[in-house]
Amino acid sequence: MQPNYSLYTIINMEQATFLKINPADSVVVCLQPKKKGDIIEVDGNAIILSEDTPAGHKVLIRDVRQGENIIKYGYPIGHARQDLKAGDWVNENNLKTNLSGTLEYTYEPVDEPLSIAHENRTFKGYVRKNGDVGVRNEIWIVPTVGCVNGIAERLAKQLSEELRVKSEEFATASGNEKTGTAANSSLLTPNSSLDSFYAWHHNYGCSQLSEDHENTRKVLRDICLHPNAGGVLVLSLGCENNQPEDFMAMLGDYDKDRIRLLVTQRVDGDEVEEGMKILRELAAIASQDKREDVPVSKLRVGLKCGGSDGFSGITANPLVGEFSDWLVAQGGTSVLTEVPEMFGAETILMNRCETRELFDQTVSMINNFKNYFLSHGEPVGENPSPGNKAGGISTLEDKALGCTQKCGRAPVSGVMEYGDRLQHNGLNLLSAPGNDLVAATALASCGCHIVLFTTGRGTPFGTFVPTMKIATNPTLAARKPSWVDFNAGQLIEGRTMKELLPEFIDKVLAVASGEPARNEENNYREISIFKNGVTL
């Protein structure tokens, strides 16, 4: 049973004060704050609210006994801790998760073809030598070990300052024009196709063992090979576990004009000046790149949520899910991660797997993450944060059923381990935790050009690709316009999904074509690598 999104077309959301998402639900979601004694009419029954209930939170619409499941989105979101009456506010104090350990699953495939028209849409991207496409043209410094973070940051700052000065000189000499042409590859010249310069600070690359060490190497490899980079300086110390020559071999058949290595311990004298020589060459090469029209089938987006609230599952996540389905129908790619936030909704994803092999991989991904929790003595069902609970999310099932709507209804065509790179178009699942920065980094690392990040509480951060924030409610969009790229809260103000989706598609394609996301405007960009084991 799927959430009934058709409710968006049959209820005037501007006038409605509550929403019953699925006909089977035993709760409704308050779209506005409710007072004790307020009366709501649901399915012909008058329900008297027994206490004040905040917006985004749930009200019970029929009596339930202790231990009985409470239904939202058409699925159980936990069971009642005690007898409850219609009109009661349902929250973490009277609702308990049903989740415990690992499970055995049965493959019951669901064949629900997408009926979405193919459109000949394009975006402006950078076509790379290997045929890959980037949505940014940036110069990146990638430390192989945290010991050289300071050098990397100094190089990025110096390169940025040097280019700024040259841009000002060029503008003065050419009547305030902003573009120029390189006379030779040894000179750094201003050109608007160079979007930015970053050093990707991290703490790893040494003193790690086995899986942690390989995870670090894989993510750093993925960053080096990402098409949003027009040039990459791999910066090494020299004595670290992540040995420079071995790491460069991991890159495979890479573009040696665009990816260069500097081992600082092997430099006699000033390693910063040696690094600057390489960066000037890389910038001169990348500055000649130009955007061109590429089909939207080349676009890859990551799907992420954070600071979720009770509106996430009825506004922003369904909107992103509709976009994901649209993109898949155009031949493009979307990636869903946050495995712990699939717990309680995992069977929906499993049964959408195109093959039994993909189903088995998804089962393994889910149970491996549950075992990761259990091996550390942690329960698998205590995921909602204080902010989630304050926003109306009471259990992990409640969170998961809203979270997984970001991937729409498309079939699952690929399942990836942490650090893997995309191999399949369509909807993919990626193994990574729910932590915002770790998960967003993992999405970018697998090859996503953009991360679509839904949020009800608000968050400013971004990872090393554009990280668009989609507000679940109009209050957040109004309070934090410098954080929010798109207001999906319009869905509770009278707009329909049919009206809003084309605007959202246009916005995503605009960002893909060079319009900065809010996190880019604010220069909030960083990476975080998943760590599980021992540090030496």
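Helices and strands here are DSSP runs, numbered from the N terminus. The model is predicted.

## Helix H8

Just after H8, Gly-377 takes a positive phi of about 75°. The helix itself covers residues 356-375. At 1.5 Å a residue, its 20 residues should span 28 Å; the end C-alpha atoms lie 28 Å apart, which agrees.

Buried positions in H8 include Leu-358, Phe-359, Val-363, Met-365, Ile-366, Phe-369 and Phe-373. The buried residues pack against three elements: helix H7 (346-350), strand S19 (412-416) and strand S20 (426-430).

## A three-stranded sheet

Strands S6, S7 and S9 form an open antiparallel sheet, in that order. S6 (69-72) and S9 (95-96) are the edge strands, and each pairs on one side only. S6 joins S7 (residues 75-80) through three bridges. Lys-72 stands opposite Tyr-75 of S7.

Helix H10 (residues 396-403) packs on this sheet and touches S6 and S7. Its direction makes about 165° with that of S7.

## Nonpolar cores

In soluble globular proteins, nonpolar side chains tend to be buried together. The largest nonpolar core in this model has 57 residues. Leu-299, Phe-323, Leu-452 and Phe-504 have the most contacts inside it. Helix H13 (residues 497-512) gives the most to this core: nine residues.

Conventions
Residues numbered from 1 in each chain as written. Predicted model: local features only at pLDDT ≥ 70, side-chain atom pairs only at ≥ 80, totals over all residues. Heavy atoms only, no water. Pairing = 2+ DSSP bridges. Helix = DSSP H or I, 4+ residues; strand = E, 2+ residues; numbered from the N terminus. Contact = heavy atoms within 4.5 Å. Axes fitted to C-alpha atoms, helices over the stretch in contact; angles between N-to-C directions. Expected span 1.5 Å × (residues − 1). Buried < 20%, exposed > 50% of the residue type's maximum accessible area, 1.4 Å probe, protein only. Core = buried A, V, L, I, M, F, W, Y, C linked by side-chain atoms within 4.5 Å.
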